[in-house]
Amino acid sequence: MKIKIRNPKLIIEHLFNGFSLVLLTGGMIPFIRTLMGFDINSTEGDVIFQIIFSLIFLISILLIIIRQQKAINLIKNDKFLILLLLLTLLSIFWSPAPGISMKRIIAVLGTSVYGYYLASRYNLNQFLNLISWSLAFISVLSLVTILLIPEYGISTGGHAGEWRGIFTHKNHLGRYACLGALVFIIQFSLKKYRILNLLLFLICLVEVVFSSSQTALIIFLIILLIIPFFVVFKSDKNLLVSLAMFILLAFGSAFIIFIKYSNEIFNAFGRDLTFTGRTLIWETVYQKIQEHYFLGYGYGGFWLGWFGESSYIWRTNGWEVPHAHNGILELWLQLGLIGVALFLLSLIFSLFLSALYIRKTQFLYGAFPLVYLLFFIFNNATEIGILVQNNFLWVVYISVVIQMRESLKEKMGLSKGEE
């Protein structure tokens, strides 16, 4: 986990990006607010949070302008993403609350621009190191909080005794500890800093277990079991044949095991076949989707509390549901089937290229893009992370898919690239 430092300006830029990624996980600012005894205005949101991210996005725009030629070339790497962001901007015209939508659209475009900036600034290996340090900081700080400030680091009430670290909910700690554990497994495959990476992996694994985030634990175990099947991409067979073999072996085996032992699996993790009530949410969300099937309600135009279309979801489910609890359904609500199609085209093409990237690079280090894409997919099965404002997962998705395509161009001799 090493980023070469050449001058003070680079040190400042690396610290800026590392700190920004930490903030994007959503843990630090609520943590500091709670320790200082400040409350958040539920109507206006966290103003400090908004100001900080506005500054981050403005700085990233300025830095993109500095290296505009490379940034312009990178934008061409995923036309589906650009079309998705353009659709997001245009959705203000059919949003029932254009004023609110405009604020949220500006925020998500700023978040996306930051992802493009990171892609223009770092190559894929450097970016992996950057997020490794960010996840290490989060994991260690969470552990320190749990040990020294247990009244904050350990949940009370309905989740009493479950670890949450610097986050406001135990599932958030589980999510980033899960990603951290996977990242440090990849870093451990290198010969450098093995003891450090092993220690960080163990910290993350312990946090996944004691956060009692069953979703995070299941995602970690599934990806851990799938990783050995990545070796099929290193074979001399046609890439499409290798991809078919991978899907057949990895996902076929997982599907058979799930079908045969579904009840035992859910019971082991203290869950039921409704995914802790999420299927009930999905049913009511899909009912509202059918009313605006192709274009959705506009970005930020659905979840407007008791005065918006979300009131139906709240009344039907009996509680104030914050989102669709599924990334694709959430995107469908906001940008319709067209938005979903654009994202899936980006994702499917990126999955194909991530398999090719494994073939062209060192295993297991080259598996990072595919590991992250699988994590992103599984996480969005029960939570949201697709086209979400001020969100770590969306920033990393954009950076990874753009950097991976640029790296493949260079490795395949399709472009000279530039530093």
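In this predicted model, M404 has its place in helix α17, which spans residues 392-411. With a relative accessibility of 0%, M404 counts as buried, because the limit for a buried residue is under 20%. Leaving aside neighbours within four places in sequence, M404 is in contact with L124, S350, L353, S354, Y357 and P369.

The side chain of E13 is joined to that of R121 by a polar contact of 3.2 Å. When residues up to four places away in sequence are not counted, E13 touches L63, R67, Y117, R121 and Y122.

Two packed helices are described by the angle between their axes and the distance between the axes. For helix α9 (residues 170-188) and helix α16 (residues 368-382), the axes come within 11 Å and cross at roughly 165 degrees. Because this angle is over 145 degrees, α9 counts as roughly antiparallel to α16. The crossing of α9 and α16 is right-handed. On the α9 side, R175, C178, L179, L182, V183 and I186 take part in the contact, and they meet F368, V371, Y372, F375 and N379 in α16. The residues of this contact between α9 and α16 divide into nine nonpolar, one polar and one charged.

Note on methods: Residues numbered from 1 in each chain as written. Predicted model: local features only at pLDDT ≥ 70, side-chain atom pairs only at ≥ 80, totals over all residues. Heavy atoms only, no water. Polar contact = N/O pair within 3.5 Å; in protein donor to acceptor, adjacent residues only side chain to side chain. Contact = heavy atoms within 4.5 Å. Axes fitted to C-alpha atoms, helices over the stretch in contact; angles between N-to-C directions. Helix = DSSP H or I, 4+ residues; strand = E, 2+ residues; numbered from the N terminus. Parallel < 35°, antiparallel > 145°, perpendicular 65-115°, else oblique. Left-handed = near helix turned anticlockwise from the far one by under 90°. Nonpolar A, V, L, I, M, F, W, Y, C, P; charged D, E, K, R; others polar. Buried < 20%, exposed > 50% of the residue type's maximum accessible area, 1.4 Å probe, protein only.
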